[in-house]
Amino acid sequence: MFLVTDATGHVGKAVIAELASQSLPFRFLAQAAPEPPVLPANAQAARCDFSDEASVQRVVQGVHAIFLACP
């Protein structure tokens with residue numbers, strides 16, 4: 001499982017598009033921006049409050065690699 005941050009940014013969108021074309025499962029962080037109407041079967045949308053440890057632990061559970069992009 002991969003985790004992609006900044007899913008609405010230019011680079012994050014490109015990473016998500018590439019992962020969506022693969023069979024590998026991934027999760028992406030979505031803020032208040034609308035989610036795509038139809039997610040590929042290998043994708044999960046998630047929200048995370050980085051100031052809340054429990055929220056961070058929840059979103060990284062089962063994740064083996066993180067693509068960390070910061071605006």
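Start by selecting F26, which is placed in strand 2. Keep in mind that this is a predicted model. Is F26 buried or exposed? Its relative accessibility is 0%, so F26 counts as buried, the cut-off being under 20%.

Now show what surrounds F26. Apart from neighbours within four places in sequence, F26 is in contact with M1, F2, I16, L19, A20, N42, A43 and Q44. Next, pick the C-alpha atoms of F26 and L3: they are separated by 5.7 Å, although the two residues are 23 apart along the chain.

Stay in strand 2, which covers residues 26-29, and select F28. F28 is buried as well, because its relative accessible area is 5%. F28 and R47 are 19 residues apart in sequence, and their C-alpha atoms are 8.2 Å apart in space.

Show the rings of F26 and F28 together. How many aromatic pairs are there, if ring centres must lie within 6.5 Å? The count is one aromatic pair. The ring centres of F26 and F28 are 6.4 Å apart and the planes stand at 35 degrees, so this pair is tilted. The angle falls between the limits for stacked, under 30 degrees, and edge-to-face, over 60.

Next, select N42, one of the contacts of F26. N42 sits in the loop between strand 2 and strand 3 (43-46). With 12% relative accessibility, N42 counts as buried. Look for a polar atom of the N42 side chain: the backbone oxygen of L24 lies 2.8 Å from it. Beyond neighbours within four places in sequence, N42 is in contact with L19, A20, Q22, S23, L24, P25 and F26.

Leaving out neighbours within four places in sequence, I16 is in contact with V4, A7, F26 and F28.

Key:
Residues are numbered from 1 along each chain as its sequence is written. This is a predicted model: local features need pLDDT of at least 70, side-chain atom pairs count only at pLDDT 80 or more; totals for chains, interfaces and linings use all residues. Side-chain values use heavy atoms; hydrogens and water are left out. Rings of Phe, Tyr and Trp (its six-membered ring) pair if their centres lie within 6.5 Å; planes under 30 degrees apart count as stacked, over 60 as edge-to-face and the rest as tilted. Helices (H or I, at least four residues) and strands (E, at least two) are DSSP runs, numbered from the N terminus. Buried means under 20% relative accessible area, exposed over 50%, partly exposed in between (1.4 Å probe, protein chains only). Contact means heavy atoms within 4.5 Å. A polar contact is a pair of N or O atoms within 3.5 Å; within protein, one must be able to donate a hydrogen and the other to accept it, and residues adjacent in sequence count only if both atoms are side-chain atoms.
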